[in-house]
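Hi,

Here is the structure I promised to pass on.

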Amino acid sequence: MANLGIDLGVLDHKLHQAHRNAVQAELNAAGLQEVGHPLLLCILRSAGDRCPDGQVQAQRELSTLLDISPAAVATSLKSLEKKGYIHREPEPGDARRNRVKLTDKGQKAVDDCFACLQRVNRRMYAGFTTQEQTQLHGFYLRALENLRLDQP
């Protein structure tokens, strides 16, 4: 008999890799291979939409939203800035914090990246009913919460 825990872990890894590869293929086909972190751009836009001046605090907030280290966010932001997708300015009154704003090039890239992510998700969940997608969403949230509970 198969070990369900191991099988689920392997399957989860394969799904993650297949999704990542499909997203990268979509980005490449759209000429967006240089973006590097499309989800970061999408989060910058949605966070910027909630701020009155269209800006968002960078590393700390973004690292929390993406569940990655502030250092990894800083590296991604540096790359995005170098390629002209974002602009960073010191926070007024606190030079240790940066405010990030998408450039016009960044806004267009977000639209294109979002479309790529949507195409991949539509393919991935093709044939799933709305009820099945809702159930799967609940499973993902519960699994994520289970892992977060075990963090030191």
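The largest nonpolar core has 23 residues, and the members that touch the most others are Leu32, Leu40, Leu44, Leu62, Leu77 and Ile86. By nonpolar core I mean a set of buried Ala, Val, Leu, Ile, Met, Phe, Trp, Tyr and Cys residues joined through side-chain atoms within 4.5 Å. Buried is under 20% relative accessible area, exposed is over 50%, and partly exposed is in between (1.4 Å probe, protein chains only). At least two residues of this core come from each of α1, α2 (38-50), α3, α4 (70-82), β3 (94-102) and α5 (104-124), and α5 gives the largest share, with 6 residues. In soluble globular proteins, nonpolar side chains tend to be buried together.

Before going further, the ground rules. This is a predicted model, where local features need pLDDT of at least 70 and side-chain atom pairs count only at pLDDT 80 or more, while totals for chains, interfaces and linings use all residues. Numbering starts from 1 along each chain as its sequence is written, and side-chain values use heavy atoms, with hydrogens and water left out.

As for the fold, there are 6 helices and 3 strands, in the order α-α-β-α-α-β-β-α-α along the sequence. Those are DSSP runs numbered from the N terminus (helices: H or I, at least four residues; strands: E, at least two). Of the chain's 152 residues, 28% count as buried.

C-alpha to C-alpha, cysteine 116 is 8.9 Å from glutamine 24, though 92 residues separate them in sequence.

On to the rings. The charged end of lysine 105 sits over the ring of tyrosine 85, 4.7 Å from its centre; the test is NZ of Lys or CZ of Arg within 6 Å of the ring centre and within 35 degrees of the ring normal. Aromatic pairs need ring centres (Phe, Tyr, or the six-membered ring of Trp) within 6.5 Å, with planes under 30 degrees apart called stacked, over 60 edge-to-face and the rest tilted. That gives 1 aromatic pair: tyrosine 125 with phenylalanine 128, edge-to-face at 5.7 Å centre to centre and 80° between the planes. Phenylalanine 128 is partly exposed, with a relative accessible area of 37%.

Have a look and tell me what you think.

Cheers
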